[in-house]
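This briefing summarises selected features of the structure shown below.

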Amino acid sequence: MTDNRAAFLALLADADLTQAMAAELIRDYTHRPCSVRTIRFWLNNLDKLCARNCPECAINALREAIKTRRKTG
């Protein structure tokens, strides 16, 4: 779980994205719901009860959405 969290945080920092922007990019790329609250759960410290495992598919979707955004924007 820690590696996925770190990878997700690195993507946010590298692309200068907010959690809201990341949720929107994932939602648009996957055509599946993704809320800011979900992003926060993924990024919470692991000792918190509301922490959730950041799925690999979310990291991949964000990575691809950022690539697509850079090509078009």
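This is a predicted model: local features need pLDDT of at least 70, side-chain atom pairs count only at pLDDT 80 or more; totals for chains, interfaces and linings use all residues.

**Helices and a buried asparagine**

Just after helix 2, His 31 adopts a positive phi of about 60°.

**Helix 2**

- Helix 2 comprises 12 residues, residues 19–30.
- The residues Ala 22, Ala 23, Leu 25 and Ile 26 of helix 2 are buried.
- These residues cover an arc of only 165° around the axis, and therefore lie on the same side of helix 2.

**Helix 3**

- Helix 3 runs over residues 36–43, and its buried residues are Ile 39, Trp 42 and Leu 43.
- Viewed down the axis of helix 3, these buried residues fall within an arc of 90°, so they line one face of the helix.

**Asn 4 in helix 1**

- Asn 4 belongs to helix 1, which covers residues 2–14.
- With a relative accessible area of 17%, Asn 4 is classed as buried, because the cut-off for burial is under 20%.
- The Asn 4 side chain reaches the backbone oxygen of Cys 54 at 2.7 Å.
- When neighbours within four places in sequence are left aside, Asn 4 is in contact with Asn 53, Cys 54, Pro 55, Glu 56 and Ile 59.

Conventions: Residues are numbered from 1 along each chain as its sequence is written. Side-chain values use heavy atoms; hydrogens and water are left out. Helices (H or I, at least four residues) and strands (E, at least two) are DSSP runs, numbered from the N terminus. The expected span of a helix is 1.5 Å times one less than its number of residues. Buried means under 20% relative accessible area, exposed over 50%, partly exposed in between (1.4 Å probe, protein chains only). The arc is that of the directions from the helix axis to the C-beta atoms. A polar contact is a pair of N or O atoms within 3.5 Å; within protein, one must be able to donate a hydrogen and the other to accept it, and residues adjacent in sequence count only if both atoms are side-chain atoms. Contact means heavy atoms within 4.5 Å.
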